[in-house]
Amino acid sequence: RALIAAAEGSHLEVCDLLLIQPHLPAIANAHDSWALMVAAHGGHLEVCSLLLSRPLHPAIADAQDSHALVVAAREGHLEVCSLILSHALHPALACAQHSRALVVAARQGHLQVCNLLLSQPHHPALADALNSRALIAA
């Protein structure tokens, strides 16, 4: 919980200190995941970068990145979205989350975030559905 609180407050040095403390791996991964979503919500780019640099179990890493992308898109945090997109997600999960992120960004009127998400490569079968859902949301 301390890591989540530090991420919410954008306290980079405190996050860094907490991340080097010995944790049980499952607890550290769970807290890292929530902390990234809180940092993405607040648009705290440096904290997001620090959290994304930590090695996590691949399943947790994919879930963390994809949920944080949707949160950052909803809040209109262009730089945070770009940072999260620079991390490799499982292709099927990435497509689904790009779609969700585009819909929430369109609903909120975040033009730059929509442009960023539309510039990303998408699975051809999902491209039409992705654009249709975003148009409906807008």
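Ala35 counts as buried, at 0% relative accessibility, where buried stands for under 20% relative accessible area, exposed for over 50% and partly exposed for the range in between (1.4 Å probe, protein chains only). This is a predicted model, in which local features need pLDDT of at least 70 and side-chain atom pairs count only at pLDDT 80 or more, while totals for chains, interfaces and linings use all residues. Residues are numbered from 1 along each chain as its sequence is written, and side-chain values use heavy atoms, with hydrogens and water left out.

Ala35 belongs to helix H3, which covers residues 25-42. Leaving aside neighbours within four places in sequence, Ala35 is in contact (heavy atoms within 4.5 Å) with Leu3, Ile4, Ala7 and Leu51.

Among contacts between residues at least 6 apart in sequence, 72% join residues at least 24 apart, and buried residues make up 41% of the 138 residues.

The structure holds one salt bridge, a term for a side-chain nitrogen of Lys or Arg within 4 Å of a carboxyl oxygen of Asp or Glu. Arg74 forms it with Glu75, the closest N and O atoms being 3.2 Å apart; the accessibility of each partner is tabulated below.

| Residue | Relative accessible area | Class |
|---|---|---|
| Arg74 | 34% | partly exposed |
| Glu75 | 30% | partly exposed |

How values were computed
Helix = DSSP H or I, 4+ residues; strand = E, 2+ residues; numbered from the N terminus.
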